[in-house]
Amino acid sequence: MCCAVLCVSTVIAEVRVDAQTPAGNIVVERVEGDQVYLHQERRGSTQWWFYWAFRVRGAEGRTLTFHFTDGDPVGTRGPAVSDDQGLAWRWLNRDFTKNSFTYNFKPAESEAWFAFGMVYTQRDWERFITRFEGSPFLEKGQLAVTRKGRPVEKLRLGCIRSAPRCRVLLTARHHACEMMASYVLEGIIGGVLADDEKGRWLRENVEFLVVPFVDKDGVEDGDQGKNRAPRDHNRDYDGASVHVETAAIRGQVPQWAGGKLAVALDLHCPYIRGEYNEWAYQVGSADTNLWAQQQAFGKLLEKIEPNPLAYRQANDLPHGKAWNTAANYKQGLSAVGWAAALPGVRLAGSFEIPYATANAAEVTALSARQFGANLATAMGQYLGAPGKP
Ligand SMILES: [Zn+2]
């Protein structure tokens, strides 16, 4: 009896919750029995945001409920969960509310990671890009060094050893926490490097420049990044740039483009839930010509089957509707707003990839990558690859 009591109290004492993971972000307030009270650590953002990520150890065989005390930061499918220290993630998809979730730790489950979404940082990028080591169709480089001394990766991809027909700029993580966009980016790169007709055409005709983590410090540190003070990375494209990363893009891209930049796509994730946050969509440009090009591109994309994120061109957000108004850009020009003014650009826009739910589809690493491959296919069609959708 004494032993049993002792064992139970020992196990309870061993539950450890911390943010010692890539992009970790949590403040643990208290643990009361099986109830854990915590909140996301908001860093540097001017508005409430919902990103968090933490690990739990020492909870084998127990059922714990995690209560968030700062707003409703649990998404539409509950937390993302990883049993292998962040290599693979799944949505819990059960036992959650907007501000809590309950998890049954298996008897041998000594460690589990939980996060608002499927965390993606530099180590994931390196694991992905290493698969293509030795390929003549990519060249790794460095765009800049962050304020904290980290490298900001850039990647030249596709037609890089001869003069391309045109060029494409791909950027992601202007907002650090928008990690599902990174799986889409993997899918685009995979599509360009695929051993098929579509990939071959892109490699022979199009040079891509990829900046996978614009706010690299924010990504690695686990910041929200959205509405960052004093200036959001994606409003840092006019006047003097506040951030070294955006300054580097503005400094280097025009020269690299050489007047041949045709497309600039910037990948994002939207808000946590609700209309326009539970489907994939393009953010419509205020420029009617650009908006017409976005719609044309969206129509190509929608026709590609299978359509893993159930993308519908009709879901695109025209300028002037919902949050997409002039007031939203009063802090400064966005990346694609800036890129649109470069010589030759036909299509410049942001794509919003929901974190968890896209119409009827579940957003996962796999479905987001498949959607990215479709984006590569649609870009080929848009840029003149032979064959009709
Ligand atoms: Zn964003």
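**Reading helices, strands and the core**

Q: Which residues of α6 are buried?
A: Glu 245, Thr 246, Ile 249, Val 253 and Ala 257 are the buried residues of α6. Buried here has a cut-off: 20 or more other C-beta atoms lie within 10 Å of the residue's own, while 12 or fewer makes it exposed and in between is partly exposed, with C-beta atoms placed from the backbone. The names are simple too: helices (H or I, at least four residues) and strands (E, at least two) are DSSP runs, numbered from the N terminus. Keep in mind that this is a predicted model, where local features need pLDDT of at least 70, side-chain atom pairs count only at pLDDT 80 or more, and totals for chains, interfaces and linings use all residues. Residues are numbered from 1 along each chain as its sequence is written.

Q: How do I read a pattern of positions in a helix?
A: An α-helix has 3.6 residues a turn, so residues three or four places apart point the same way. In this model, Ile 249 and Val 253 are among the buried residues of α6. What covers the buried residues includes β11 (138-145), β13 (166-172) and α5 (216-221).

Q: What length should α6 have, and what follows the helix?
A: The expected span is 1.5 Å times one less than the number of residues. For the 14 residues of α6 (residues 244-257) that should be 20 Å, and the end C-alpha atoms are 20 Å apart, which agrees. After α6 comes Gly 258, with a positive phi near 55°.

Q: How do I read strand pairing?
A: Strands of a sheet pair through backbone hydrogen bonds, either parallel or antiparallel. The rule used here is that two strands pair if DSSP finds at least two bridges between them. Take β13: six bridges join β13 to β14, and the two run parallel. Arg 167 stands opposite Glu 207 in β14. β13 also pairs with β15 in the parallel sense, over six bridges, and Leu 170 has Leu 265 of β15 as its bridge partner. Six of the seven residues of β13 are buried.

Q: Which strands does β17 pair with?
A: β15 and β17 run parallel and are joined by six bridges, with His 268 opposite Glu 352 in β17. Strand β16 (residues 281-283) pairs with β17 in the antiparallel sense over three bridges.

Q: What about the two faces of a strand?
A: In a regular strand the side chains alternate between the two faces of the sheet. In β17, Leu 347, Gly 349 and Phe 351 lie on one side and Ala 348, Ser 350 and Glu 352 on the other, all of them buried. Six of the six residues of β17 (residues 347-352) are buried, so the strand is largely enclosed by the rest of the structure.

Q: Which residues touch the most other members of the largest nonpolar core?
A: A nonpolar core is a set of buried Ala, Val, Leu, Ile, Met, Phe, Trp, Tyr and Cys residues joined through C-beta atoms within 7 Å. The largest has 108 residues, and Met 180, Val 184 and Ile 353 touch the most other members. Helix α9 (residues 365-382) gives the largest share of this core, nine residues.

Q: How is the protein divided into domains?
A: The bounds come from an automatic or database domain assignment, giving domain 1 (2-115) and domain 2 (122-382). Their centres, taken over C-alpha atoms, are 31 Å apart.

Definitions and conventions:
Two residues are in contact if their C-beta atoms, placed from the backbone, lie within 7 Å.
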